[in-house]
Amino acid sequence: MNAPKAKKIDKSLEIHGHQRNDPFFWLNERENPEVLQYLEEENAYCDFVMKDTEELQEQLFQEMKARYKEDDESLPYFFNEYWYVVKFQKGKEYPLFYRHFKSLENEAELMLDVNEMAAGKDFYDVGSFSVSVNNQLAAFSEDIIGRRIYTILLKNLETGEFLNDKIENTTGKTVWAADNEHFFYIRKDETLRAFQIYRHKIGTSQEEDVLVFHEEDETFDVSVYKSKSLEYIFIASSSTISDEHWFIPSNNVFAEWQVIQKREDDLEYAVEHYQNDFYIITNEGDATNFKIMKTSVDQPSKEHWKEVIPHKKETLLEGFEIFKDYFVIEERTEGLLQLKIIDNATGKSHYLPFDEPTYTAYVGLNLDFDTEVLRYGYTSLTTPSSTYEYNMKTGETKLLKQQEVLGGTFDSKNYISERIWANSRDGKVKIPISLVYHKDTPKSAETPLLLYGYGSYGHTIDASFSNVRLSILDRGFIYAIAHVRGGEYLGREWYDNGKMLKKKNTFFDFIDAAKFLISENYTSPKHLYAMGGSAGGLLMGAVMNYEPEIFKGIVAQVPFVDVVTTMLDETIPLTTGEFDEWGNPKKKKYYDYMLSYSPYDNVEAKNYPNTLITTGFYDSQVQYWEPAKWVAKLRDLKTDNNILIFKTDMKSGHGGASGRFESLKEDALEYAFLLKLENNGRN
């Protein structure tokens, strides 16, 4: 079977006196039968190329699935007289939401069976689930195509009946007012930007809903949330580099919204409430790695802010949790997250002890102010996700739940994790790399290694456990994460030096990390593979163009690769809100820089690695046509005989297939591709 060949239709694109021809531009015509035919042809070709791995894919899928406890349930949490639990039942793909009145010993009340809601649908996702203050009504949201456009529905928990209220085109989130008659929600515009907050009254139509906030600046998105104290409802309007928050008492939906601090360029802040004060984490006053301030509710603007936790150049403040007698801070120092406990009465502080070389820890769900118990999470490359309770007074730690890894073969002692540091080509930094491998896997030029990267939006890929990943670790792979610039692994400057006109640092850091792993004899170019998704797919496309010869294979998931054309089109979701991340190409300096690295624009006639590219037809974040165009151009220009396959899930969006286990088939395909390249899939 021959590889599909997309037809070419000349399309001239011109700006700043520069002209580009995009012969595959037509692939953005979603309703065009020829586009659909091309995608189906690519799917058929992918199946043809991977046919010799069908048994392996099924084996991988079954062993991945077998590691999950099918009849699993979440850790219960208590809130407003009820214990809440989410359960999974054997043989079912979707969760069931339960609650117990006052005691877990009391009979469980089924609030929502998502399996019933999803019946007969190719895709189904519940975006949020929230219960009214009087515990009588539940609001939940559903997305049935994967485009992250949610419809909010209401259910009477006392009668089991669904209300007639139906609110469409939302982000899915609902925030209940204290009166049990109203809630707030967020609408999206035609580009899927969250831009309006509405107030809905139970029992009325969506047409009667009241607009309470409209964000007209297209570079800002809005959100709505309730304080931990439950006393205030906040609206947050945020761009990449600026925030503005408004508030009302939760018991008065008709109150006038008050601003905490008006937006300013480069002023970021987030707010929580306790007693008579707002606590604010902010970068105000050149606090690059943030500091924590507080101010009275009556005087919330920044001239009244008083310092609680000062800025530290070497430590990034990521968040905080307020208790009656304790203050808990999430800090990141030298890339590792730490939880700092402060006794409010004495001012003394201490850290929770974590001793693995690379890991992640985080504050969990803590709804009670008046407690000395902190719930927190911990995981590493060798330790399954775990939830603990820590007594901040006595220092006692209790494991509440750890992710079970079934199948009878997993023992954390059989795996080794490391963190090493590679030199960057600019000589300014060292690039952290987290690794994990089976204790019987040698480090050698013959050892296969999968290097993962992301590096955008300040999003940090921490070292965490994956029971899916065991399928390649147990087959002799080393798995590594390159913590490249563009994330916030080493603080805010780490992010700032991997965005806008410094974006290439992200790509070069990944390449330098790969070369370091080769030089240190962890692997070799014949056995080195790379993987990344979304903005990490951009990373894959860029490194393929820069130095294709150091990778045996690449997996690019839902890749953002047509950077220039996308960022010039403000009708596409996310574009306007990301000018502070990539730059606005309507300004020539950003256009020129973006054009110099955009993967699609820089494909040329040369050899490329074996490549698997995936997308979802309904993807709302990276439109399907970006990878489709990229594949078509690679097919047209590449000079090698290496594998190039493209898989489009015609039923899903950015997050892949819905359901608990369906997405494992995507993992199985990706791992089978790597194993096929490594040893023709004989494992």
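The model is predicted, so local features need pLDDT of at least 70 and side-chain atom pairs count only at pLDDT 80 or more, while totals for chains, interfaces and linings use all residues. Residues are numbered from 1 along each chain as its sequence is written, and side-chain values use heavy atoms, without hydrogens and water.

Overall build. The protein has 12 helices and 37 strands; these are DSSP runs, H or I of at least four residues for helices and E of at least two for strands, numbered from the N terminus. The radius of gyration, taken over C-alpha atoms, is 25 Å, close to the 26 Å from the globule rule for 683 residues, so the protein is as compact as a globular protein of that length. That rule is 2.2 Å times the number of residues to the power 0.38. Along the principal axes, the C-alpha atoms fill a box of roughly 65 × 55 × 55 Å.

How much is buried? Of the 683 residues, 58% count as buried, meaning under 20% relative accessible area with a 1.4 Å probe, protein chains only. Contacts are heavy atoms within 4.5 Å; of those with a separation of 6 or more, 57% join residues 24 or more positions apart.

Now the hairpin. Strands E28 (residues 386-391) and E29 (residues 397-402) pair in the antiparallel sense over five bridges; pairing requires at least two DSSP bridges between the strands. Ser-386 has Gln-402 in E29 as its bridge partner. Five residues lie between the strands, and Gly-395 takes a positive phi near 85° in this hairpin.

Methods. Buried means under 20% relative accessible area, exposed over 50%, partly exposed in between (1.4 Å probe, protein chains only).
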